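Let's take a walk through a protein model together, one part at a time. Keep the structure open beside you as you read.

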Amino acid sequence: MCRGGDEAPDDCGSREEWTLLFWTSLAVIVPVIITLWCSAQSSKRKTHMKDFFRKSKHGWRYTDLFNKPTYCCVCAQHILRGAFCDCCGVCADEQCLRRADRSLSCKEIMAPFSPDGAVEHRWVRGNVPLASYCAVCKQQCGTQPKLCDFRCVWCQTTVHDDCMDAQEDAGQCDLGEFHDLIIPPHYLYLVNKLRRRHPDEYSKLAASCGSGWTPVLVLANTRSGNNMGEALLGEFRTLLNPVQVFDLSVLTPSKALQLCTLLPPGSVRVLVCGGDGTVGWVLDAIDAMKLKGQDQFMPRVTILPLGTGNDLSNTLGWGAGYAGEIPVEQVLRNILDAEVVKMDRWKVQVASKGLYFRKPKVSWICCPGLVGGALDSQEAACPLQVLSMNNYFSVGPDALMALNFHAHREKTPSFFSSRIINKAVYFLYGTKDCLVQECKDLDKRIELDLDGERVTLPSLEGIIVCNIGYWGGGCRLWEGMGDEPCPPTRLDDGLLEVVGVFGSFHCAQIQVKLANPIRLGQAHTVRLVLKSSKMPMQVDGEPWAQGPCTITITHKTQTLMLYHSAEQTDDDDDESSASETESPTPHGSPKPQGPVSAQA
């Protein structure tokens with residue numbers, strides 16, 4: 001109510017409205033300004049810290065909230081946010097970060113032996129792993145609410161403060177459980193001192209690392225699938241020598257694999273953390289080693305599946321996808337127990353009759369005439385492309401789904417950061433194709449030859465050429481429902497399995513084992529001729545749109561992979577049959593007879 005007797009009620013009401021509007025605006029604008037200022041300061045601080053991290057010898061990573069009680073290694077105070085080194089485990093708040101960088105050393109990737117020829121422990125105080133136990137008294141470490149106890153960054157041994165004197169008398173560092181997988185600092189030091197770089201010299205130096213030494217290199221794609229790559233890089237750097245761990249967004253596989261040439265021939269194993277596309281990228285880099293005359297240094301490859309489909313990983317027994325359900329330590333134990341098997345790789349030659357419509361993201365070699373072999377995403381004339389195939393080639397509805405998916409992922413990559421979301425999008429595109437049927441009458445537009453013999457095609461919408469047992473994110477395509485006898489398949493038999501599908505709905509039925517594919521045959525050489533129009537195609541999940549062309553698939557080479565037989569998928573328990581003439585592996589692709597010799 002207006003108190004001034006001389007003021008009109010309308011003036012009083014207007015003043016109150018303006019007052020309310022002023023305070024409302026102030027309540028909205030001030031928080032926005034504060035938020036923008038804080039965001040600008042945070043961005044400025046992160047940029048400054050990023051530059052600092054790049055120049056540091058530590059592998060610093062900043063976090064806004066530690067996931068366990070953490071204490072600064074400099075001031076010993078409890079901290080909620082700050083930086084930690086994912087190589088040695090040192091933690092520090094922002095105020096102590098520079099002091100920690102100067103005074104606390106990180107893991108040395110290259111160092112000489114101690115005077116007595118033993119490897120010394122490298123201790124870091126505080127922030128020991130949860131549920132760790134003292135090597136001396138066997139009691140739990142890290143139980144006190146303060147910076148306490150020690151951990152060796154190499155062997156991961158933990159010791160109480162009070163037990164430290166007894167531990168120093170107990171012996172030297174043996175690099176712990178994974179000593180057979182770690183490249184010791186002294187080995188690289190000795191290699192660096194060699195005057196004659198020769199494989200025989202590397203084998204002599206390896207004697208100091210033990211008889212069963214098989215070092216592993218970790219190559220991770222931080223952009224694959226559910227974006228776990230960055231966290232995994234840190235965990236592997238903690239357990240191994242940081243020089244063994246590579247981020248493929250920073251360093252290409254061909255450069256990372258040059259470390260193999262400094263290690264004993266035939267001893268190296270490579271763990272690829274990523275999807276099928278990442279695995280193909282690494283395998284192409286290994287093939288390039290042959291061209292450089294580095295055959296003897298070629299490593300054995302294993303997979304930690306981070307992608308969406310992960311069919312090759314499933315076939316080799318490493319599972320359909322990794323989401324942290326087992327610790328990294330168990331992954332390394334599985335690598336130690338794995339068997340070496342051979343796997344066929346294939347060459348896909350695409351001879352275009354007109355225009356090549358879209359560049360696939362798999363490895364390809366353009367014919368001479370294009371500067372640098374470059375193609376943009378628009379139409380470009382190129383009569384011949386050569387691609388490498390590990391898993392499968394297809395033309396039809398599954399390639400169309402992959403093409404639509406990749407087109408949208410390129411526009412909004414942040415949306416496709418979850419394996420579940422990716423599969424849901426695939427499902428939506430498959431449902432759409434069931435209604436539209438963009439690939440119908442494929443049999444009238446394409447010709448198929450298997451080992452030079454023409455195959456009469458039924459009314460199909462898609463043709464799939466498989467090298468491995470799994471397809472489409474976990475489906476045993478060649479086997480189908482399992483109610484019909486079919487020729488056995490192997491990873492190293494030099495044969496491709498060719499099937500046809502009636503459409504997207506038929507693909508879905510096959511995936512849930514309600515239908516069988518149309519088995520068109522097995523062959524050493526597959527030839528397809530697309531006579532007219534444009535069709536979606538894919539190699540190992542990487543799609544493109546292709547005009548009239550001739551596609552020839554021939555054997556390229558064999559590569560050495562690691563096979564893990566200890567785990568089975570959910571639908572494997574009741575399906576093995578002892579009456580089979582050739583027993584399949586737990587994942588549907590019969591493996592070669594016995595493991596390949598380590599000297600192969």
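This is a predicted model: local features need pLDDT of at least 70, side-chain atom pairs count only at pLDDT 80 or more; totals for chains, interfaces and linings use all residues.

**Strands, helices and spaces**

Three bridges connect β6 with strand β7 (residues 150-152), and the two run antiparallel.

Strands of a sheet pair through backbone hydrogen bonds, either parallel or antiparallel. Here three strands form an open sheet in the order β6-β7-β8, with antiparallel pairing. Its edge strands are β6 (123-125) and β8 (158-159), and each of them pairs on one side only.

There is another open sheet of three strands to visit, with the order β1-β4-β5 and antiparallel pairing. Why is one side of β1 and of β5 (91-92) left without a neighbour in the sheet? Both strands stand at the edges with a single partner strand each, so one side of each has no neighbour there. Between β1 and β4, which run antiparallel, there are four bridges.

Rolling a probe the size of a water molecule over the atoms shows where empty space is left. The second largest pocket holds about 1,300 Å³ of space. Which elements each supply at least two residues of its lining? They are β1 (60-63), β4 (82-85), α6 (229-239) and α10 (328-337). Of these, α6 gives the most to the lining of this pocket, with five residues. In total, 45 residues line the second largest pocket, and Lys-68, Pro-129, Gly-234, Glu-235 and Thr-238 lie nearest its centre. Sorted by class, the lining has 24 nonpolar, 13 polar and eight charged residues.

Next, let's look at a pair of helices. Two packed helices are described by the angle between their axes and the distance between the axes. For helix α4 (residues 185-193) and helix α5 (residues 199-206), the axes come within 10 Å and cross at roughly 145°. The crossing of α4 past α5 is right-handed. Which residues make the contact? From α4 come Tyr-187, Leu-190 and Val-191, and from α5 come Tyr-202, Leu-205 and Ala-206. By class, this contact of α4 with α5 has six nonpolar residues, with no polar and no charged ones.

How values were computed:
Residues are numbered from 1 along each chain as its sequence is written. Side-chain values use heavy atoms; hydrogens and water are left out. Axes are lines fitted to C-alpha atoms, for helices over the stretch in contact, and angles run from 0 to 180 degrees between N-to-C directions. A crossing is left-handed if the near helix is turned anticlockwise from the far one by less than a right angle, and right-handed if clockwise. Contact means heavy atoms within 4.5 Å. Ala, Val, Leu, Ile, Met, Phe, Trp, Tyr, Cys and Pro count as nonpolar, Asp, Glu, Lys and Arg as charged, and the others, Gly among them, as polar. Two strands pair if DSSP finds at least two bridges between them. On a 1 Å grid over the protein atoms alone, a cavity is a set of points where a 1.4 Å probe fits but cannot get out, and a pocket is an open set with protein on both sides within 12 Å along at least five of seven lines; lining residues have an atom within 4 Å of a point. Grid points are joined across faces, edges and corners, and a volume is the space filled by probe spheres set on the points.
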